[in-house]
Amino acid sequence: MKEVFDAHVHHLFEMPIEEAIAIFKEEFPVTGTVGQGFMSIPNDVSPEKEFYFDDMQNIRMLFLKYAFSPNAYAFSGLEHPLNVAEIEDKTVSDMYLKQAQEYALAGYDGMKMLEGYPSLRKVMKRKLCDKAYDNYYSFLEENGIPVTMHVANPEENWDITKVSEAVIKAGRVYDHTYPTRLELLSEVEEVLKKHPKLKFSLAHFGFMSYDIEQAKRWLDYENTMFDLTPGGEQLLNMRTDWENWEKVFVEYQDRIIHGTDYYAFPKTENWEECFKRRPTFVRQFFETDGDHVYGDRPFKGVKLDEKIVDKIYSKNVKRFWGEPKKIDLNYMKRKA
């Protein structure tokens with residue numbers, strides 16, 4: 001089994017951090033995961049459309065980095081007041097810049113942004129390219145601090161007739177009151193026009209599996225990357241036109257990083273099936289040319305060139321992120 005660096009790992013289940021660490025220590029060896037990028041999500045919107053804040057998310061990520069060092073990274077998230085849409089731009093701008101400066105000194109290695117998620121973007125009422133973010137992005141750009149951002153969602157989520165009951169129940173269907181997928185992507189492009197040297201990675205391949213030319217335009221920017229974390233649909237979409245998508249993977253083999261949306265899954269009877277599902281899917285897709293099933297969808301592996309796979313699995317992310325920063329232990333203790 002190849003060893004992998006997983007650049008997209010979360011801790012969102014309601015369990016003590018000690019339990020999560022113990023579960024991760026069981027899960028990682030099974031999937032060959034030898035390095036981790038722990039991604040924080042302090043603000044989100046519930047299926048009931050409620051905006052909420054988890055004040056322990058950021059410090060949990062730093063603690064997980066500490067537990068799995070030296071080959072682990074922690075990405076913090078901006079912490080938004082629940083009334084952020086009502087606060088004047090100058091106050092918000094100062095708040096975001098101060099947070100970014102604090103996180104950089106504390107030992108976080110980058111920023112995880114969920115602000116491009118349609119429901120979160122709607123309740124916050126600020127474009128991703130809003131001037132309230134300018135000083136924050138400038139600080140990250142000037143200091144070479146990478147950003148991983150979730151932008152949009154699968155194209156079909158804007159059409160209730162094309163999604164499953166599970167997607168509807170999870171609140172991931174969007175009507176005309178939400179920004180569209182293309183609007184969200186255009187906001188990110190505006191960010192990069194203002195901050196062309198920003199080290200910016202789109203999670204889930206930016207949900208661009210519908211448009212090869214759009215994906216290539218994104219990679220025309222100097223410091224942009226794709227995190228291929230699967231929801232499932234983007235790799236399966238690519239498989240239907242793999243002859244052309246393979247050319248993208250070959251041409252931009254230094255600009256794609258591996259991730260799975262990994263979790264410390266609670267120890268239920270189907271525990272192993274849960275934590276292996278996405279890592280197994282990614283491996284089967286890229287390492288084999290056999291027939292497999294992901295969820296209820298059959299697919300055939302593409303068996304990508306091994307040298308390219310090695311870059312995607314570990315080399316690219318380490319080059320892009322650099323060495324993990326030293327943790328300020330006094331900060332970590334104080335915040336915890």
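The dialogue below walks through several features of a predicted model, one after another.

Colleague: I would like to begin with the inside of the protein, so which residues have the most contacts inside the largest nonpolar core?

Modeller: A nonpolar core is a set of buried residues such as Leu, Phe and Tyr, joined through their side-chain atoms. In this predicted model the largest such core has 97 residues, and Tyr136, Phe200 and Phe286 are those with the most contacts inside it. If you take Phe286 and set aside its neighbours within four places in sequence, you find it in contact with Leu228, Leu235, Trp242, Phe249, Val302, Lys303, Leu304, Val309 and Tyr313. There is also a second, separate core of ten residues, and Met39, Ile257, Phe320 and Trp321 are among them.

Colleague: Which nonpolar residues form a patch on the surface instead?

Modeller: Here Phe63, Tyr66 and Leu329 make up a nonpolar surface patch, and together they have about 270 Å² of accessible area. Leu329 belongs to helix H13, which covers residues 329-335, and this residue is partly exposed, its relative accessible area being 39%.

Colleague: How should I read the backbone, and which peptide bond is cis?

Modeller: As a general idea, most residues other than glycine have a negative phi, and most peptide bonds are trans. In this structure the peptide bond that runs from Ser69 to Pro70 is cis, with omega near 15 degrees, and Pro70 sits in the loop between helix H2 (57-68) and strand E5 (72-76).

Colleague: Where is Lys49, and what is its phi?

Modeller: Lys49 is not a glycine, yet it has a positive phi of about 70 degrees. You can find Lys49 in the loop that lies between strand E3 (43-45) and strand E4 (51-53), where it counts as partly exposed at 40% relative accessibility. Lys303, which is likewise not a glycine, has a positive phi of about 45 degrees, and its place is the loop between strand E12 (297-300) and helix H12 (306-321). With a relative accessible area of 51%, Lys303 is exposed, because the exposed class begins over 50%.

Colleague: Let us turn to charges, then: how many salt bridges does the count come to?

Modeller: The general idea is that side chains of opposite charge can pair when their charged atoms come close. For this model the count comes to 20 salt bridges. One of these joins Arg60 and Asp54, whose closest N and O atoms are 3.0 Å apart.

Colleague: Which parts of the chain does the salt bridge between Glu102 and Lys335 tie together?

Modeller: The side chains of Glu102 and Lys335 meet at 3.9 Å, N to O. Glu102 lies in helix H3 (residues 89-106) and Lys335 in helix H13, so this pair ties together parts that are 233 residues apart in sequence. Glu102 is partly exposed at 29% relative accessibility, and Lys335 is partly exposed at 42%.

Colleague: What does the salt bridge between Lys194 and Asp134 look like?

Modeller: In that salt bridge the side chains meet at 3.1 Å, again given from N to O. Because Lys194 is in helix H7 (residues 181-194) and Asp134 in helix H5 (residues 134-142), the pair ties together parts that are 60 residues apart in sequence. Lys194 counts as partly exposed at 40% relative accessibility, and Asp134 is partly exposed at 22%. Finally, salt bridges can share partners, and in this way Lys2, Glu306 and Asp310 are joined into one network.

Key
Residues numbered from 1 in each chain as written. Predicted model: local features only at pLDDT ≥ 70, side-chain atom pairs only at ≥ 80, totals over all residues. Heavy atoms only, no water. Core = buried A, V, L, I, M, F, W, Y, C linked by side-chain atoms within 4.5 Å. Buried < 20%, exposed > 50% of the residue type's maximum accessible area, 1.4 Å probe, protein only. Contact = heavy atoms within 4.5 Å. Patch = residues over 30% accessible without salt bridge, like charges linked within 9 Å, V, L, I, M, F, W, Y side chains within 5 Å. Areas by Shrake-Rupley, 256 points an atom, 1.4 Å probe, with all protein chains shown as cover. Salt bridge = Lys/Arg side-chain N within 4 Å of Asp/Glu carboxyl O. Helix = DSSP H or I, 4+ residues; strand = E, 2+ residues; numbered from the N terminus.
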